[in-house]
Amino acid sequence: MEPIVLVERKGKVGVLTMNAPDKLNCLGDDMLSGIYDGLRELEADDGIRAIILRGAGRAFCAGYDLSPREKPFTTIGDWLEHAKHGNRTFFAIWDCKKPVIALVQGYAMGGGCDLAMVCDFTLAADTAVLGEPEIQFSSASSFILMPWAVGMKQARNVLLTGDRVSAARAEEIGMVTSVVAEANLEKEGMDLAKKLVKVPVPAMQLNKENINRAYETAGIREALLAGEQIFGAVHMTHTPENDAFFAVAAEKGLKEAFKWRDAQFASE
């Protein structure tokens, strides 16, 4: 079997490919660990000066894997550890000494949207769809980057409605860097990476650190860590909607559960 995350080197550009297209590259524990390990491997390679993160198949990443677990989470501690495991990967991208470029096609939803946004550059195909639908089934983002990326009013609009966001709208409000034709996504990403590798390594590293520090001085890291606590608290609440969603998922699978969820909001 192929690894769940492929690690390639194309000249001075490292490429990480989430390789679970049949599950739309959803973020299970193994996927998160694979991204983290691959990123650290490329970061430690002095021959690599820029990193591309992409998803195999028709989607970048559909979000966290919501499939029923063999051992269900039953305590706030369980949910906090789950959030920390995911956020370890997101923080590794934030802290990476090398620029990271996300190439987004198809869906980037929930945790997949956070994953795309935490990269230094996010190129989206013109057909891509992004969003944070977690609130629609009594969940929340564990990596609350959205308010920092798009501002208060748009963050509320995305996070409190759970509505999907087109690539064009995502660019307009600051969720992505730019939108390109889907057929050109890979080329545009590689062209950007090749531009970035020309920058002297110390200048790239220190300028990225300088940008990060500006946000960290304003409190972004503390806010992101606080988001883990909220995520855990939300998942310890039980609502009819939450219970119904996961009951449908257990009986008929996640695809039917998402159909059920979408139907609840269709009339609106």
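Tutor: Helices in this text are DSSP runs of H or I with at least four residues, strands are E runs of at least two, and numbering starts from the N terminus. The model is predicted.

Student: Which element supplies the largest share of the lining of the largest pocket?
Tutor: Several elements each give at least two residues to this lining: α2, β5 (107–109), α3 (111–118), α9 (220–235), α10 (240–252) and α11 (254–266). The largest share is 6 residues, and its source is α11.

Student: How much space lies in the largest pocket?
Tutor: The lining of the largest pocket counts 48 residues. Those nearest its centre are Tyr 64, Asp 65, Leu 66, Leu 254 and Phe 258. The space in the largest pocket is about 1,300 Å³.

Student: How do the residues of that lining divide into nonpolar, polar and charged?
Tutor: Gly counts as polar, and Tyr, Cys and Pro count as nonpolar. On that basis, the lining of the largest pocket divides into 22 nonpolar, 13 polar and 13 charged.

Student: Now the second largest pocket. Which residues lie nearest its centre?
Tutor: About 520 Å³ of space lies in this second largest pocket. Its lining has 23 residues. Nearest the centre of the second largest pocket lie Trp 94, Met 117, Cys 119, Asp 120 and Ile 211.

Student: Which element gives the most to the lining of the second largest pocket?
Tutor: Two or more lining residues come from each of α3, β6 (121–125), α4 (146–150) and α8. By class, the lining of the second largest pocket has 16 nonpolar, 5 polar and 2 charged residues. The top contribution is 6 residues, and it comes from α8.

Student: How far apart are the end C-alpha atoms of α8?
Tutor: Helix α8 runs over residues 201–217, which is 17 residues.

Student: Within what arc do the buried residues of α8 fall?
Tutor: Buried means under 20% relative accessible area. In α8 that picks out Met 204, Lys 208 and Asn 212. Seen down the axis of α8, these buried residues line one face, because they fall within an arc of 55°.

Student: Why would residues three or four places apart point the same way?
Tutor: The turn sets the spacing. Residues three or four places apart point the same way because an α-helix has, per turn, 3.6 residues.

Student: Which residues of α8 are exposed on the other side?
Tutor: The buried residues of α8 pack against α2 (76–95) and α7 (185–196). The exposed ones, on the other side of α8, are Pro 202, Leu 206, Asn 210, Arg 213 and Thr 217.

Student: What is the phi of the glycine that follows α8?
Tutor: That glycine is Gly 219. Its phi is positive, near 105°.

Student: Helix α5 next. What arc do its buried residues cover?
Tutor: Helix α5 covers residues 152–161, and its buried residues are Ala 155, Val 158 and Leu 159. They sit on the same side of α5, since around the axis they cover an arc of only 85°.

Student: Which elements do the buried residues of α5 pack against?
Tutor: On the other side of α5, Lys 153 and Leu 160 are exposed. After α5 comes Gly 162, with a positive phi near 75°. The buried residues of α5 pack against α4, β8 (164–166) and α6 (167–173).

Student: Is Asn 25 buried or exposed?
Tutor: Asn 25 lies in the loop between β2 (13–18) and α1 (29–44). Its phi is positive, about 55°, although Asn 25 is not a glycine. The relative accessibility of Asn 25 is 0%, so Asn 25 counts as buried.

Student: What is the phi of Ser 138?
Tutor: Ser 138 lies in the loop between β7 (129–131) and α4. At 15% relative accessibility, Ser 138 counts as buried. Ser 138 is not a glycine, yet its phi is positive, at about 60°.

Student: Which residues does Lys 97 touch, not counting residues up to four places away in sequence?
Tutor: Lys 97 lies in the loop between α2 and β4 (100–104). Its C-alpha is 23 Å from that of Glu 186, which is 89 residues away along the chain. Beyond four places in sequence, Lys 97 touches Glu 43 and Gln 205.

Student: What is the relative accessible area of Phe 246?
Tutor: Phe 246 lies in helix α10. Gly 111 is 135 residues away in sequence, and the two C-alpha atoms are 18 Å apart. Phe 246 is partly exposed, at 29%.

Technical notes. Residues are numbered from 1 along each chain as its sequence is written. This is a predicted model: local features need pLDDT of at least 70, side-chain atom pairs count only at pLDDT 80 or more; totals for chains, interfaces and linings use all residues. Side-chain values use heavy atoms; hydrogens and water are left out. The expected span of a helix is 1.5 Å times one less than its number of residues. Buried means under 20% relative accessible area, exposed over 50%, partly exposed in between (1.4 Å probe, protein chains only). The arc is that of the directions from the helix axis to the C-beta atoms. Contact means heavy atoms within 4.5 Å. On a 1 Å grid over the protein atoms alone, a cavity is a set of points where a 1.4 Å probe fits but cannot get out, and a pocket is an open set with protein on both sides within 12 Å along at least five of seven lines; lining residues have an atom within 4 Å of a point. Grid points are joined across faces, edges and corners, and a volume is the space filled by probe spheres set on the points.
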